[in-house]
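Look at the sequence and the 3D view, then try each exercise before you read its solution.

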Amino acid sequence: MLLCLIGAVGISKAQNLSMNYQMSIPTGSVKNFIDKASFRGFGINYHYFVDQEEHLSLGIDVSWNTYYNDFNDITGKFKFKNDNNIYTITGNQYRYVNFVPMLAQARYSFCNNMALFRPYVGMGVGTSWCEKRTEVGQLRSDISRWQFAMSPEVGVTINASSVIGVNVGAKYVYATQAADGRIPEISQFTFGVGLVIFGVE
Amino acid sequence: MKNYLILATLLLAASMQSCYPEGPEYVSDMDIAMTTYDTSADFSKYSTYSLPDTVIYFDNNSKAVLGAKFDSLILNLVEEQFNALGYTKVTPSDVTQPAAIVTISAYSQDNYGYYTNNWYDYWGWYWGSLWPGYTFSPFYGWDPYGYDYYVYEDGAIIIDMIDNTKFYKGEGSNSRTLNILWKGIVNGIISGNSNQLMNRISNEVEQCFNQSPYLDINK
């Protein structure tokens, strides 16, 4: 473990709270709706270390990204409630997806709590809330649903001092489709950077 | 300037619900052309049509912008489009009855909205407690700042192509429903001078026909 350089800090960090800016790139079927990366995102997670050397931690992770794309003069087919006719509508379309995964996470850090750089791998399982919206003219179609979500991750925590550090991480999030596909299957790559605050139990 | 203010207000009202800077920029960005049709209809059976010489207006505002000055523009445009698609305009009489009746109606209504009149303070206060995806009403619990009203006039032009064959054969005399073969709707926010409006209306009326290739009965 060449990476496990001993840092200046060696204090026990029984728990940590991390706040990250994040950007996400959509992959999979959500791209049919919006094929544009989201630079508007934020994530927060809390982890509690299980063992003495602080390799294994359990926590929760909540994050959010808004996807947006607009299309000028695009023609689409729409249905209205209580009306079986199919309407062809041409106009500017403004599309939004809000995606909020909420995950229970387990993480394994490769170096002990004395290290300066602590790379980790993790896995999260939980749910995600997805809101999908299309606006055309003064019409709006809006649907939101809960999905099943899972997310493997890799990252590194850099211990800047005994109380604060920097987190750099990447994760892949997969969420199942809902409402017969009206909420699409979502998969995204998320890259985050942020602060970690360490706390002793 | 007034146009931009109206749109800006609409946008601000919309963006208050979530932190989205994007969306429509100009009033015309909200123009739409919308069509639907009877999928079982064989349009080649309706090669003749009649068109009245006026547009019927429905509005809730005596100062409505849409009005008779747009009649000739709209009527000529619709006639041109139907003729180009292979239909023949006829004047109904005792001997000749058109297979289809085309009617044009226009609707306008004033819409009212509210906004708080102290945006910057509002944002400043709100920013810190922003929670993603959480939508809220701008009026909820926010009394310290005053409210202003905004009004925008929403307009629609509706072109209906109605089946007349049953009526002139006497079959439909007891029927209470009309069989609408095709419907074209132009909808937008009414704003700007007459020339701008006429341009926007003609673009969208043409679009209604362009997006309905099944109407073409030229063989």
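This is a predicted model: local features need pLDDT of at least 70, side-chain atom pairs count only at pLDDT 80 or more; totals for chains, interfaces and linings use all residues.

Residues are numbered from 1 along each chain as its sequence is written, while chains are lettered from A and ligands numbered from 1 in the order in which they are written.

**Exercise 1. Find out where confidence is lowest and where it is highest in chain B.**

Step 1: Start with the score itself: pLDDT is the predictor's confidence in each residue, from 0 to 100. For chain B its mean is 73, and 63% of the residues reach 70 or more.

Step 2: Go through the elements, which are DSSP runs numbered from the N terminus: helices (H or I, at least four residues) and strands (E, at least two). Helix H3 (residues 119-127) of chain B has the lowest confidence, with a mean of 35, and strand S2 (residues 48-50) of chain B has the highest, at 94.

Step 3: Look along the sequence too: over residues 115-147 of chain B, pLDDT stays under 50.

**Exercise 2. Work out which residues of helix H2 (residues 71-84) of chain B are buried and which are exposed.**

Step 1: A residue is buried if 20 or more other C-beta atoms, placed from the backbone, lie within 10 Å of its own, exposed if 12 or fewer, and partly exposed in between.

Step 2: Apply them. Ile74(B), Val78(B) and Phe82(B) are buried in H2(B).

Step 3: Consider the geometry. Because the buried residues of H2(B) fall within an arc of 55° seen down its axis (the arc of the directions from the helix axis to the C-beta atoms), they line one face of the helix. An α-helix has 3.6 residues a turn, so residues three or four places apart point the same way.

Step 4: Turn to the other side of H2(B), where Ser72(B), Asn76(B), Asn83(B) and Ala84(B) are exposed.

**Exercise 3. Describe how chain B touches chain A.**

Step 1: Count the residues in contact (C-beta atoms, placed from the backbone, within 7 Å): 19 come from chain B and 23 from chain A.

Step 2: Ask which element of chain B gives the most to this side. S1(B) does, with five residues.

Step 3: See how the strands pair (at least two DSSP bridges between them). S1(B) and strand S4 (residues 86-109) of chain A run antiparallel, joined by four bridges. Across this pairing, Met34(B) in S1(B) stands opposite Ile89(A).

Notes. Two residues are in contact if their C-beta atoms, placed from the backbone, lie within 7 Å.
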